Amino acid sequence: MPTTIHDVAKKLNVSIYTVSRALDGYDDVADQTRALVIKTADKMGYVPNRAARQLRRQKAETIGFILPSISKRFNEPFFTEFISGLGEELASRNLDLLISNANTDDAERSLYHRWVNSHKVDGFILSRLRGHDWRVNYLSQWGIPFVGLGKSHDAVKYPCVRIEAAKAYLNLVQHIQENGFSRFAFVGGPNDLINQIDRAKWVRSALKKSGLEIERNNIVSTDMSSAGGYEAAHTLFANSVQPNAILCVNDETALGILHAAHERGFTIGKDIAVAGFDGVSDSCHSEPALTTFAIPVADIARQLALMLMEKLNGQLFQPREVVIEPKLLIRASTGG
């Protein structure tokens with residue numbers, strides 16, 4: 001006969017209720033007890049009846065993550081680390097992660113409509129928030145729980161993790177300036193993206209405090225890919241007065257800048273300074289190693305998963321905001 005929940009409870013001399021709560025990932029079970037229950041259930045070969053549990057709890061036990069149409073690629077280093085963090089945290093709580101992507105804004109909207117209407121997921125984790133984001137208003141209107149990496153300018157309040165890098169950018173600009181670079185450019189993303197809005201603001205503020213300005217034709221928007229960075233570099237290098245310090249909205253874009261600079265024969269860190277943002281693992285393996293702002297991408301994903309679970313379990317009564325200050329990693333790409 002197959003092992004039952006009764007067998008596991010009897011083996012551990014605990015109640016069936018405790019075993020059930022431990023396996024369902026509830027926080028009212030001590031971590032040590034939960035670990036023991038999971039280990040014992042696995043050793044005894046007990047497999048919970050997922051369908052029955054879902055029916056009992058009236059939940060899909062699944063969290064949704066739709067790669068924004070603005071991103072398009074799962075193999076972007078940032079999302080590789082982000083999804084890994086989400087998956088690990090949710091799996092440890094016996095929840096599934098449902099992932100999909102959309103190539104257009106219409107396709108992205110269609111996915112959200114379908115998942116909401118079919119009750120396919122219990123909640124969503126949002127990334128790459130826009131200044132005014134239709135996802136925030138749509139999910140709020142339908143009463144669907146969600147959390148976000150970034151805070152949109154919409155009136156809706158929701159749990160989020162956001163990045164604050166004004167001080168870090170000032171330190172970066174001063175470091176680059178001390179190494180003899182003064183003609184700055186900023187390679188950003190789409191203009192309505194929160195990452196773009198915030199980081200462009202921090203760049204301008206840091207330059208102003210350092211007695212510098214940025215020319216309008218030295219601000220270029222991209223799709224935040226390495227190919228976009230490569231194309232942006234050629235646009236900047238065609239200017240009558242070329243920039244000699246390029247700050248990028250993310251590491252992926254900066255890697256494209258490095259490629260283009262190498263093709264031009266520039267000695268990076270001497271002829272030109274390049275810096276990224278995110279601190280993905282690839283940034284320390286570029287040639288030369290990329291100066292960047294490191295944020296704990298996987299840990300942020302885990303934090304968002306926990307915040308969403310608190311909301312789903314009725315433990316998060318007021319939307320809370322976690323602020324992360326990135327760590328500036330000075331490497332060879334900015335000289336010195």
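Tutor: Let's start with Thr-292, which sits in strand 10 (residues 292-294); strands are DSSP runs of E with at least two residues, helices are runs of H or I with at least four, and both are numbered from the N terminus. The model is predicted, so local features need pLDDT of at least 70 and side-chain atom pairs count only at pLDDT 80 or more, while totals for chains, interfaces and linings use all residues. Residues are numbered from 1 along each chain as its sequence is written, and side-chain values use heavy atoms, leaving out hydrogens and water.

Student: Why is Thr-292 called buried?

Tutor: Buried means under 20% relative accessible area, exposed over 50%, and partly exposed in between (1.4 Å probe, protein chains only). Thr-292 has 0%, so it is buried.

Student: How much of the chain is buried?

Tutor: Buried residues make up 51% of the 336 residues.

Student: Which residues make the contact between helix 5 and helix 12?

Tutor: Contact means heavy atoms within 4.5 Å. Among the residues involved are Phe-78 and Phe-82 of helix 5, and Ala-301 and Met-309 of helix 12.
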